Structure formats: C-alpha cells, structure tokens
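Please read the following report alongside the sequence and the structure, which are shown below.

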Amino acid sequence: MTATTNARTASVVLPVGGELRRHDLGEPGVWRRPLQPITSRIAYAAAHVVPKVLADSTPGAPADLDWDTTMAYRHELWSYGLGVADAMDTAQRGMGLDWAATRELIVRSGREAASVGGLLACGAGTDDLDPADVPSGQRGLDVITDAYRRQIDVVRGAGANVILMASRALAATATSPQDYLSVYGRLLAETDRPVILHWLGEMFDPALRGYWGSADIATATATFESLVQDNAAKVDGVKVSLLDAAHEVELRRALPDGVRLYTGDDFNYPELIAGDGDRHSDALLGIFAAIYPAASAALQRLDAGDTADARRILDSTQALGRHIFAAPTYYYKTGIAFLAWLNGHQRNFALVGGLAGGRSVTHLSEVFVLADRAGLLADPELAADRMRAYLSVNGVS
C-alpha cells in the first residue's frame, strides 16, 4: 500500500469480490472551467452539506454545519458554470437537515450566489411540519399550503428560484389526486415568478409513495400533466426523479411549449441531456455534484455543437452515477460526500444524521475505482492516502 511520487503509479489495495486487489490509479481528467456562461442547457447540481468536524451527527440531532466548507463547495460548482440546486434531498432535507439549518442554508447560499452571479434554485417544502401533527381533511391541506408559503417566502427572500419539493405531509394527508391539485394550484396561482415542480420517486424517499394520488405511475402522471397544463405560465420546468428514461421522454413530449424538463434521472442522464434530435432534457441532478468537472466539460461541448463528444464525456461517468445511486437510493448522499472528501473538498467524511455510515466499505471502494476511471480524482495521491486511511479504520489492511 505504499504510494509512490508518480500519480500514474499511485495505488491502493482494495476489497474486490471478497479478496484484496491492487488498484493502480490513472491520470485525472483535464477539465477546464468555461470562459463564458453555458447556454445549451440549464444545469443545476444538487449540492450536499458538510457538518463540522466535531458536530454531533447522530440521527435526530440538530444539524451543525461547517458553513465555510459547505459554501466553498457551492462556489466550486458555480466556477464550472453550473447552477446550484440547494436545500434539496441531496442536502438531506427531512433526512437529517432540520428546518432551522435549512433556512440558514438558503439565506447563506443566496448571499453567496449574489456575490458571484451564480444561478441558484432552492427547495421549498413542508418539513417544518410533523406529518403526524397535520389534521385531516381540508384543514390539513390548508396547514400544508401555509407551510409551503412560509418556505417560498424564505427562498424568494434569498433571491433564489423556487423549487416546489414533494411534501411528506401532503403524501400522508391527501386522499385523492384533487387534494394535490388543490394545494399546488393555490401555490402556483400566488407565485410571482415561474417555479420548478419536483416529483421525487419513492426510491429516493419511501414516504412519497403514491404521490399525485396514485401508486400507479401512469395515473399519477396524468394528474401531474394536468397540473402543468393548467398552470403552464407559472411553471419554469419540472424535475422528475423516477429513474425511468422512457417515462421521462414521454413526459417531455407532453409538456407545454416553454416548460422545461429538468432530468432528475441519475441513471440515464447522458441520453436524456443529449436528447433525441427533437427535444432534450435540462438537468437538476445530484450526480452533477459528484461529476461536476466532467458535466461542465460535456455542456461546453454541447455549446460548441459537438453532441457526440458531449455524450462520450457523460457516458464515461454513467457507471459511477449508477453505482452511487444504486438501491437503496436513499443513501446516495454517502457516495457524493465520500467523493468530495477524497478530492479534498472537506476535512471529514461525514454527513448529518449519521448517513456517512449508509454504505459499505466495498460499495465505497467501488466509488473510488469508478471515479478514478472517469478521471474524477483530481489529486490521485491525496485520494489514495485518504482511501487507505478509510480502509485502515474499517479493518482492511
């Protein structure tokens, strides 16, 4: 396990297939920041948050964030020409990030985005409510609508675009598709600027099963499409995170003119972003927070009209994306934070709510290998040193 001084021969002995095997690291990719704004696609990277080194990150404890490191990661994403989607599921909304910390995250991100002219959209939801405390019937729908309003005000006050996130409280309270249409319809009627609607599948959050009033995807899609059709002027785009490329393509074709499809498919994003010659998806992806140098390079090639090269670059990251977001998909944040740690963007491999323990040693070893193959370990020596340290404390030697 001894590192050499040549990045080409840096190596780590990893657990693979039940045995230890040496992995020799390759060269990092040559990724360049864009010299002008990216125009061919609108692309948001959904960013994670970093707890303090000595934070109490046990489940249920209030989030205690390292704000400097958390904000620095957002500046890194902006520097590559990407927008930042903040306070989303990647930032562990309802998964360890409490509302007090979320509100501060939105305010701080808004301030930082304004300082560099960075594109920012933030999630507005209802996670300041306990679904168990929401009354039933119309009164409960009113409580949920008011919670959305409070959070929309915070996002707007920070100068960010609004993403209407899926609501656990609404999923627990609604008894029909009409309940969803009622809540969302009121919110869209009140908004002064178009928003992004977010449909998050149950693979990301099991509490959202049956969203839009049905566990049948075709039935739920019909309700979702009717909401968009009836409120097209108030909808900038829709983010769909169902990991189903065929469904996304069909939905994309059905959207009114001017309404974007922001892919949330962390499995099939290369083909969806490249498009089919007629339509394409824009992007609002958690995986972009992990592969942002390559994602930026691909978007720059799209700007230059070279779809084939853009697709080649995105395809080179797809195995990593599919692995990080493998079932149970809920724990994908673990892989994103691990890669940020390997690349020196945070001092600690940690997530709020203790989710750093959500993946196995063998899973994260494969993250290491796939990131290396995609040219996404910026400093192979540093990554190798940190990987060895991780393996050592987990008893692999």
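Which residue is the bridge partner of A45 in β4? In this predicted model, the partner of A45 is V84. The two strands concerned, β3 and β4, run parallel and are joined by three bridges.

That pairing belongs to a closed arrangement, for eight strands form a barrel in the order β3-β4-β5-β6-β7-β8-β9-β10, with parallel pairing. From one strand to the next, the twist averages 25 degrees.

The elements discussed here with their residue ranges are as follows.

| Element | Residues |
|---|---|
| Strand β3 | residues 43–46 |
| Strand β4 | residues 83–86 |
| Helix α10 | residues 307–324 |
| Helix α12 | residues 361–373 |

Turning to the helices, the axes of α10 and α12 come within 9 Å and cross at roughly 165 degrees. Because angles over 145 degrees count as roughly antiparallel, α10 is roughly antiparallel to α12. The crossing in which α10 passes α12 is left-handed. On the α10 side the contact involves A319, L320, H323 and I324, which meet H363, E366, V367, L370 and A371 in α12. Sorted by class, this contact of α10 with α12 has six nonpolar, two polar and one charged residues.

A further residue, Q36, lies in the loop between β2 and β3. Q36 has a relative accessibility of 62% and therefore counts as exposed, the cut-off for that class being over 50%. Between Q36 and P177 there are 44 Å in space, C-alpha to C-alpha, while in sequence these two are 141 residues apart.

Definitions and conventions:
Residues numbered from 1 in each chain as written. Predicted model: local features only at pLDDT ≥ 70, side-chain atom pairs only at ≥ 80, totals over all residues. Heavy atoms only, no water. Pairing = 2+ DSSP bridges. Helix = DSSP H or I, 4+ residues; strand = E, 2+ residues; numbered from the N terminus. Axes fitted to C-alpha atoms, helices over the stretch in contact; angles between N-to-C directions. Parallel < 35°, antiparallel > 145°, perpendicular 65-115°, else oblique. Left-handed = near helix turned anticlockwise from the far one by under 90°. Contact = heavy atoms within 4.5 Å. Nonpolar A, V, L, I, M, F, W, Y, C, P; charged D, E, K, R; others polar. Buried < 20%, exposed > 50% of the residue type's maximum accessible area, 1.4 Å probe, protein only.
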